[in-house]
Amino acid sequence: MEQDLEVDRVTKRYGPLTAVDSLSLSIAHGSFFSILGPSGCGKTTLLRIVAGFLAPDDGDVRIGGRSMRGVAPNRRPVNMVFQHLALFPMMTVGENVGYGLARRGVGRVEIASRVDAMLKRVGLPRAQDKRVDELSGGQRQRVAIARSLVLEPTLLLLDEPLGALDLKLREHMKIELKQLQADFGTTFVYITHDQSEALVLSDRVAVMNAGRFEQVGTPQELYYQPSTPFVAGFVGANNRVAGRAVRVDDEEVELSTADGLAVRARMRGAIAVGEPIEAFVRPEVVDLARDAGELPRAAQRFSGRVESLLFDGANSAVLVREERTHAEIRIALPQTGRFADLKVGETVAFGFDAQRAVCFRTSSHDN
Amino acid sequence: MLLLLAPAMVWLVGLIVLPHVDLAVLSLRARVAPRVYEVSLSQYRTFIDEPLYWHTFVRTAAMSILATVCTLLIAFPSAWYIAKIARGRAKSLLFVLCLIPFWVSETVRTLGWMILLRESGVLPRLLVDLGITAAPIEMLYHDATILVGLVYTSLLFMVVPLVGVLESLDDSLIEAAYDLGANGWSILRQIIVPHAAPGIAAGSIVVFMLTVGNYLTPTLLGGKNSLWFTEQIYTQFITRFNWEQGAAFGFLLLVLSTAIVWAGLALTGQRFGDVMRRS
């Protein structure tokens, strides 16, 4: 398949800090690719290297198969949607969208017709003469995207464009972004620290931490088959249980915490008995019951007391403290409303299938 | 609340409005006999009939505009550096450097220029020592010298409003323009200057007003040939003791500077209120 962006062992250092550490990446034509990571992980640096605002210390960036070494940002087939959109306040909407075309020396009449067509496509017909500050947050975002896409770039880079919006609008703009990308078929590279944005929008996601990619895959792969403890902890909610391996089968490992809680989970990577390990159990994987007999037979079973109720509509959960070891675990409440009358202090049974939890050897560099 | 404004109002009315009313009355009368005056436009007629007066007038206006433009061209890169490139301590240090000349009175500063530039001064001596000129040249009493002095005196008043507006310019606007294919020149013309326009206007107004009304710098650096309009006013009031003529000249200067500021704002499509508010 044709690759629109190839990043080849790119490194960027700031003094002793390595912001981007020998990263390689390739993005197929027409896909929506996200780079997800906490702030300070180097994702913005990587994006600015691709846009051309920063030169890498090492490695090469190829866009549409062409090396970008020594090519200035204004000559790259790449456009960027900035974090705060960076619309030009001194110009009208039409002038903003036509800005890049005018810089390329396109004639006035053609600019007007292409701007008109582009504004129609993004759902802002006849907005040419409006001032930027007359637009709503969502409309501004569409203008920012139109301003870039009118130049028909090989690649559109988006630097957390939803970060400044309030929650409701952000949810709405997520859907709109995905539809725009599907309509135009342009390759999008999207930077975010919000895992829900990355999961909802992307065809593929790279999870980035400390200048390196932890895992690159589809949202489903990241969620169900995290390949590192960082990914398991960062993507989606997870219960983390740390301890030592006490028994290792070919697929499963049994973990025992310092307090004596024993948990079985699917093994990722090689683990030997006695090694420090950590298991991750998603809240929705854990079954809750008032009576232990109601739990599925294969599940490992525990009992505990309800510590607090976290009501959040469809995302409601409950914090339960395990009876013997006082380990705290987060359990998603089923949508059926079966536990709507659950009270703090109640004793409940819970359990989960070991195959649906994952376990890693604790890497030496993090806690 | 009005009470808070009272000191300013007293100052404004007592020192600016009242004297100007008196000047207006003075300028509109002519002495027909000892201690006998009548209302007349003859003071203004003298101004038109006597070429020296309106030559000086036009020259003062032209030189002041030139000085303002030079100040802007010199101040802009400095302001850009202070606002966008310098960080932390360097930034405040540079600001202080702009301010330092103002710790010394204008007279002393101008005398400093004279020490540097007069025929027996530092710079002509240096040129001879370096073998560039055979004999010391007189660098004072040229129009260029007056301009140098005026620009030097005005620089801070241009730098301060420019730093203000340039600091408020979001860097990502520049990056976005660059990303969309603009080059340095078109970014300056289409993004930076439109954004900085209120600051440019505010700085230019202040510098122009200070320059057109400056007396000391043109007189000391330009000598007898400086032909600055404030000198004509001084001469009428002090040397000739012709207060009526001096008052008329004073009023003409007020009209001149107001008209040029208005024309400047109209040409660049700005409103005075916006300029004063945004800078």
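## Strand pairing in the barrel

Strands S13(A) and S20 (residues 358–361) of chain A pair in the parallel sense over 2 bridges. Strands here are DSSP E runs of at least two residues and helices are H or I runs of at least four, numbered from the N terminus; two strands pair if DSSP finds at least two bridges between them. In S20(A), A:Val358 stands opposite A:Arg266. This is a predicted model, in which local features need pLDDT of at least 70 and side-chain atom pairs count only at pLDDT 80 or more, while totals for chains, interfaces and linings use all residues. Residues are numbered from 1 along each chain as its sequence is written, and chains are lettered from A and ligands numbered from 1 in the order in which they are written.

Strand S13 covers residues 262–267 of chain A and is joined to S12(A) by 5 bridges in an antiparallel arrangement. The bridge partner of A:Val253 in S13(A) is A:Ala265. The hairpin of S12(A) and S13(A) has 5 residues between the strands, and A:Gly260 takes a positive phi near 95 degrees there. S12 (residues 252–256) also pairs with S11 (residues 239–248) of chain A, in the antiparallel sense over 4 bridges. A:Leu255 in S12(A) is the residue that A:Ala245 stands opposite.

These strands belong to a closed barrel of 5 strands in chain A, running S11-S12-S13-S20-S14 with mixed pairing. Neighbouring strands of this sheet are turned by 55 degrees against each other on average, direction ignored.

## Helix packing

Helix H4 (residues 137–149) and helix H5 (residues 167–184) of chain A pack at an angle of about 25 degrees, and their axes are 11 Å apart. Axes are lines fitted to C-alpha atoms, for helices over the stretch in contact, and angles run from 0 to 180 degrees between N-to-C directions. H4(A) is therefore roughly parallel to H5(A) (under 35 degrees; over 145 is roughly antiparallel, 65 to 115 roughly perpendicular and the rest oblique). The crossing of H4(A) with H5(A) is right-handed, a term used if the near helix is turned clockwise from the far one by less than a right angle, with anticlockwise being left-handed. From H4(A), A:Gly137, A:Gly138, A:Gln141, A:Ile145 and A:Leu149 meet A:Leu169, A:His172, A:Met173, A:Leu180 and A:Phe184 of H5(A); contact requires C-beta atoms, placed from the backbone, within 7 Å. The contact has 6 nonpolar, 4 polar and no charged residues. Ala, Val, Leu, Ile, Met, Phe, Trp, Tyr, Cys and Pro count as nonpolar, Asp, Glu, Lys and Arg as charged, and the others, Gly among them, as polar.

H2(A) packs against H4(A) at about 30 degrees, with the axes 7 Å apart, which makes H2(A) roughly parallel to H4(A). This crossing is right-handed. A:Val93, A:Asn96, A:Val97, A:Tyr99 and A:Gly100 in H2(A) meet A:Val143, A:Ala146 and A:Arg147 in H4(A). By class, the residues are 5 nonpolar, 2 polar and 1 charged.

## Contact between chains

The contact of chain A with chain B takes 17 residues from chain A and 15 residues from chain B. On the side of chain A, strand S6 (78–81) and helix H2 (93–103) are the elements that give two or more residues. H2(A) gives the largest share, 3 residues. The residues on this side divide into 10 nonpolar, 4 polar and 3 charged.

## Domains of chain A

Chain A is divided into domain 1 (3–231) and domain 2 (237–361), with bounds from an automatic or database domain assignment. Their centres, taken over C-alpha atoms, are separated by 39 Å. Domain 1 gives 4 residues to their contact and domain 2 gives 4 residues.

Technical notes. Two residues are in contact if their C-beta atoms, placed from the backbone, lie within 7 Å.
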